[in-house]
Amino acid sequence: MLLDRPTILEKFDGLTVWQRGGRRAPHKHLLVLLSIAQIVRTGRQFVSYEEAAPKLRALLDEFGVWQRNNRPQYPFWRLRNDGIWQLTRQNQLEGQEQAGGDISERILKDHAAAGGFTDEIYRSMV
């Protein structure tokens, strides 16, 4: 099923955002923008974590909440919970979460995980 533009924008607008002390983390939004740019440039739905991580880390360093070590694996893993993102090798990754429900960068790399918009959203964008 194809989604119209207002529906896609509503889904993007509904992303959950980490907040603390009035500061909001733009991690998921930056990953969404990075993924849209990839679709425009290459037409590819999925980007490997290995390819996306350095680009996302640079964006987080420039636009994110200051941290000693930005972790691009967090939005790459957590964006699935917002219903707009899917991961390849999902079955292999499930059950390998750390105590807080996140997954390590090493596991994403070891399993050659890739992420991208859900089929429904991707088909509506191209």
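Contact, as used in these legends, means heavy atoms within 4.5 Å. The structure shown in every view is a predicted model.

View 1. Leaving aside its neighbours within four places in sequence, Q90 is in contact with W77 and R80. Q90 is found in helix 5, and because buried means under 20% relative accessible area, Q90, at 16% relative accessibility, counts as buried. The C-alpha atoms of Q90 and G115 are separated by 9.6 Å, although these two residues lie 25 residues apart along the chain.

**View 2. The crossing of helix 2 and helix 3.** Two packed helices are described by the angle between their axes and the distance between the axes. Here the axes of helix 2 (residues 27-42) and helix 3 (residues 49-63) come within 10 Å and cross at roughly 130 degrees. Angles of 65 to 115 degrees count as roughly perpendicular and those over 145 as roughly antiparallel, and helix 2 and helix 3 are therefore oblique to each other. The crossing in which helix 2 passes helix 3 is right-handed. On the side of helix 2 the contact is made by H27, L30, L31, L34, Q38 and R41, while helix 3 contributes E51, A52, K55, L56, L59, L60 and F63. Sorted by class, the residues in this contact comprise eight nonpolar, two polar and three charged ones.

View 3. Helix 2 has 16 residues and reaches 22 Å from its first C-alpha to its last, close to the 22 Å expected at 1.5 Å a residue. The buried residues in helix 2 are H27, K28, L30, L31, V32, L34, S35, Q38 and I39; among them, H27, L30, L31, L34 and Q38 also take part in the contact with helix 3. After helix 2 comes G43, whose phi is positive, near 80 degrees.

**View 4. Helix 3 and the elements that cover its buried residues.** The 15 residues of helix 3 should span 21 Å at 1.5 Å a residue, and the end C-alpha atoms of helix 3 are 20 Å apart, which agrees. Within helix 3, the residues Y49, A52, A53, L56 and L60 are buried. What covers these buried residues of helix 3 includes helix 2, strand 3 (46-48), helix 4 (73-78), helix 6 (105-110) and strand 5 (114-117).

View 5. R89 is found in the loop between strand 4 (85-87) and helix 5 (90-93), and phi of R89 is near 60 degrees, a positive value in a residue other than glycine. With a relative accessible area of 42%, R89 is partly exposed. A112 is found in the loop between helix 6 and strand 5, where phi of A112 is near 50 degrees, again a positive value in a residue other than glycine. A112 is partly exposed, with a relative accessible area of 46%.

Methods. Residues are numbered from 1 along each chain as its sequence is written. This is a predicted model: local features need pLDDT of at least 70, side-chain atom pairs count only at pLDDT 80 or more; totals for chains, interfaces and linings use all residues. Side-chain values use heavy atoms; hydrogens and water are left out. Axes are lines fitted to C-alpha atoms, for helices over the stretch in contact, and angles run from 0 to 180 degrees between N-to-C directions. Helices (H or I, at least four residues) and strands (E, at least two) are DSSP runs, numbered from the N terminus. Angles under 35 degrees count as roughly parallel, over 145 as roughly antiparallel, 65 to 115 as roughly perpendicular and the rest as oblique. A crossing is left-handed if the near helix is turned anticlockwise from the far one by less than a right angle, and right-handed if clockwise. Ala, Val, Leu, Ile, Met, Phe, Trp, Tyr, Cys and Pro count as nonpolar, Asp, Glu, Lys and Arg as charged, and the others, Gly among them, as polar. The expected span of a helix is 1.5 Å times one less than its number of residues. Buried means under 20% relative accessible area, exposed over 50%, partly exposed in between (1.4 Å probe, protein chains only).
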